[in-house]
Structures are given as C-alpha cells and as structure tokens.
Amino acid sequence: MRTWLLTITAAASGIAIAVVDARPTWDDTGITAGVVLLAAFIVAAIAGRRPWLWGLLVGVWVPALTILNGGDPAAILALGFALAGAYAGYATSRLWRRPAAAAPKD
C-alpha cells in the first residue's frame with residue numbers, strides 16, 4: 001500500500017511540475033530543476049529503496065511535456081536532476097536507518 005501511495009505521489013508531483021513548467025509565462029528553469037530535485041529526494045527518502053524508480057516517476061514528465069509541445073530537447077536534463085535527488089534521498093534514508101553504533105563502555 002505504501003509503495004502505491006508513493007508511486008501516485010511521485011507521478012502526481014512530476015506531472016504538476018511539468019504542467020507549471022509548460023506554461024508560456026513560466027521561464028525559470030532553476031526553480032523547476034530545484035523542485036524536481038527536491039520532490040524526488042523526499043519520495044526516495046521516504047521509500048528507502050529503488051531510487052531509480054522515484055527519479056523516473058518524478059523527472060520524466062518535464063521533458064516529455066516539453067518535447068511534445070515542440071520545446072527544447074535539453075529539457076531531458078530535468079531527468080538528471082530527478083535522479084540525482086532520488087539517489088541523494090536514498091542515501092539519506094540509509095544513513096537515518098543505520099543502527100546507532102554501540103557506545104564504548106567505561
């Protein structure tokens with residue numbers, strides 16, 4: 001159940017970001033890249049596994065919508081930001097879930 005909720009959340013956030021990015025009045029690539037990175041980070045940190053899946057689910061929508069609308073194919077870089085965010089979230093999750101080292105006894 002948790003995986004399905006995360007899948008829906010990741011895809012919905014990616015689609016929402018892509019729709020905002022595709023608006024003719026939107027011209028801020030840096031904010032789009034940052035939000036894609038952050039969304040993928042959060043979903044992958046919560047999931048704690050399969051960062052490639054979360055990166056793809058969040059990041060594929062921006063280049064898909066941009067290219068379908070006749071935009072610049074360089075939008076594929078958004079997928080790179082999503083994957084970077086997802087792997088960073090995965091690594092953070094692994095650090096959080098690592099068992100605490102035993103304190104030395106006096």
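Buried means under 20% relative accessible area, exposed means over 50%, and partly exposed lies in between (1.4 Å probe, protein chains only). By that scale Val-60 is partly exposed, because its relative accessible area is 35%. Val-60 lies in the loop between H3 and helix H4 (61-68); helices (H or I, at least four residues) and strands (E, at least two) are DSSP runs, numbered from the N terminus.

The model is predicted, with local features requiring pLDDT of at least 70 and side-chain atom pairs counted only at pLDDT 80 or more, while totals for chains, interfaces and linings use all residues. Residues are numbered from 1 along each chain as its sequence is written, and side-chain values use heavy atoms, without hydrogens and water.

**Helix H3 and its cover**

Helix H3 spans residues 51-59 and holds Trp-54. The buried residues of H3 are Pro-51, Trp-54, Gly-55, Leu-57, Val-58 and Gly-59. Their cover includes H1, H2, H4 and helix H5 (77-97). Trp-54 counts as buried because its relative accessibility is 1%. Contact is taken as heavy atoms within 4.5 Å. Beyond its neighbours within four places in sequence, Trp-54 is in contact with Thr-3, Leu-6, Thr-7, Ala-10, Val-43, Ala-44, Ala-47, Arg-49 and Ala-86.

Leaving aside neighbours within four places in sequence, Trp-52 is in contact with Leu-83 and Tyr-87. Trp-52 and Tyr-87 are 35 residues apart in sequence, and their C-alpha atoms are 7.4 Å apart in space.

Thr-32 is found in helix H2 (residues 29-47). It counts as buried because its relative accessibility is 8%. Apart from neighbours within four places in sequence, Thr-32 is in contact with Ile-17, Asp-21, Trp-26 and Val-62.

Phe-81 lies in helix H5 and is partly exposed, with a relative accessible area of 39%. Not counting residues up to four places away in sequence, Phe-81 touches Ala-33, Val-36 and Leu-37. Phe-81 and Arg-50 are 31 residues apart in sequence and 16 Å apart in space, C-alpha to C-alpha.

**Surface patches**

Patches are made of residues with over 30% relative accessible area and no salt bridge, like charges being joined within 9 Å and nonpolar side chains (Val, Leu, Ile, Met, Phe, Trp, Tyr) within 5 Å. A salt bridge is a side-chain nitrogen of Lys or Arg within 4 Å of a carboxyl oxygen of Asp or Glu. Accessible areas come from the Shrake-Rupley method with a 1.4 Å probe, and for residues only the protein chains shown count as cover.

Ile-15, Val-19, Val-60 and Trp-61 make a nonpolar surface patch of about 310 Å². A patch of positive charge on the surface gathers Arg-2, Arg-49, Arg-50 and Arg-97. Lys and Arg count as positive and Asp and Glu as negative, with His and the chain ends not counted; the place of a charge is taken as NZ of Lys, CZ of Arg, CG of Asp or CD of Glu.

Arg-2 is in helix H1 (residues 2-22), whereas Arg-50 is found in the loop between H2 and H3. Phi of Arg-50 is near 50°, a positive value in a residue other than glycine.

| Residue | Relative accessibility | Class |
|---|---|---|
| Arg-2 | 47% | partly exposed |
| Arg-50 | 31% | partly exposed |
| Val-60 | 35% | partly exposed |
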